[in-house]
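Here are my notes on this one, jotted down as I went through it. Have a look at the model first, then read on.

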Amino acid sequence: MPLCVDPEQNEIQALKGVTDWRGKRVLEVGCGDGRLTRRLAQLGAVIRANDPDAGLIEKARKNLPQRFAKKVSYKVGQAERLAEASEAFDIVVFSWVL
Amino acid sequence: MVHALYEAHRVLKPNGLLIDLRPASIHRRVGISRPDGYQLSWVMRETFEDDRAADRAVAQVMAERRFKAAGRTRFTCNRTMDTLDEFREWLTDFVIKGEFRSHDWLVRRVELALDAANGKTGIVVSGPLVLRVLRKQCTSLDQTPNWVK
């Protein structure tokens, strides 16, 4: 098995405790290869995920299971200049970004 | 960093949540997972200036009453690797990010531990993550005052 981050899934357990994610509009900033995005999609969130690295966004798109295709969209973008409308999201997740 | 927080504030609905998830700025443990248990190889005590800058940025947006604290938790996050090459790659990223001196000595230390375990092992880097929850506040700071030209 290659590098595996958080095999015990402590991260998603902690996120579960924050709120009920079902149906929430979530912006994930710094999604990388989409590891956390997929976990948030499992919780029922509708996710817009961005990252400045186009290569990682491409990888994230390839890694996205078909069952999440309608719940997740990816975009290349900078955290400091989000190409998103004002007051559009219930939750913003900074995933190892700050 | 603070500009990213301003952007998060802009795109959040009123009372929306900002979740800041990142490694705690404390030690990371490097060890070997063996059939007979976990063997600690080294405790890495390096800290990143970026972490301190992030803490300052969060403190600033809270002082400006754009956000208020709504929760905080800390939990263990393991990274497991099967090979020394994977560990070397992770360590190289760590060293570059922190602008630290070479950690080749740590690769050798882990290599010796792997050899001693006769291959029936994995490498585990363990360090806590901090999850902070901030709630958006709507203040007069959202709009430029009329008297500012």
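1. Start where the chains meet: strand β1 (residues 4-5) of chain A runs antiparallel to strand β4 (residues 67-81) of chain B, and two bridges join them. Pairing here takes at least two DSSP bridges between the strands, and strands are DSSP runs of E, at least two residues, numbered from the N terminus. Opposite A:V5 stands B:R79 of β4(B).

2. A word on the source: this is a predicted model, with local features needing pLDDT of at least 70, side-chain atom pairs counting only at pLDDT 80 or more, and totals for chains, interfaces and linings using all residues. Residues are numbered from 1 along each chain as its sequence is written, while chains are lettered from A and ligands numbered from 1 in the order in which they are written.

3. β4(B) also runs antiparallel to strand β5 (residues 122-136) of chain B, with 14 bridges. There, B:T73 has B:L131 as its bridge partner.

4. B:L40 sits in strand β3 (residues 37-44) of chain B. It counts as exposed because it has 12 C-beta neighbours inside 10 Å (exposed is 12 or fewer, buried 20 or more, partly exposed in between, with C-beta atoms placed from the backbone). Beyond its neighbours within four places in sequence, B:L40 contacts B:R29 and B:G31 (contact: C-beta atoms, placed from the backbone, within 7 Å). Its C-alpha atom is 25 Å from that of B:T73, 33 residues apart along the chain.

5. On helix α2 (residues 35-42) of chain A, the buried residues are A:L36, A:T37, A:L40 and A:A41.

Methods. Helices (H or I, at least four residues) and strands (E, at least two) are DSSP runs, numbered from the N terminus. Two residues are in contact if their C-beta atoms, placed from the backbone, lie within 7 Å.
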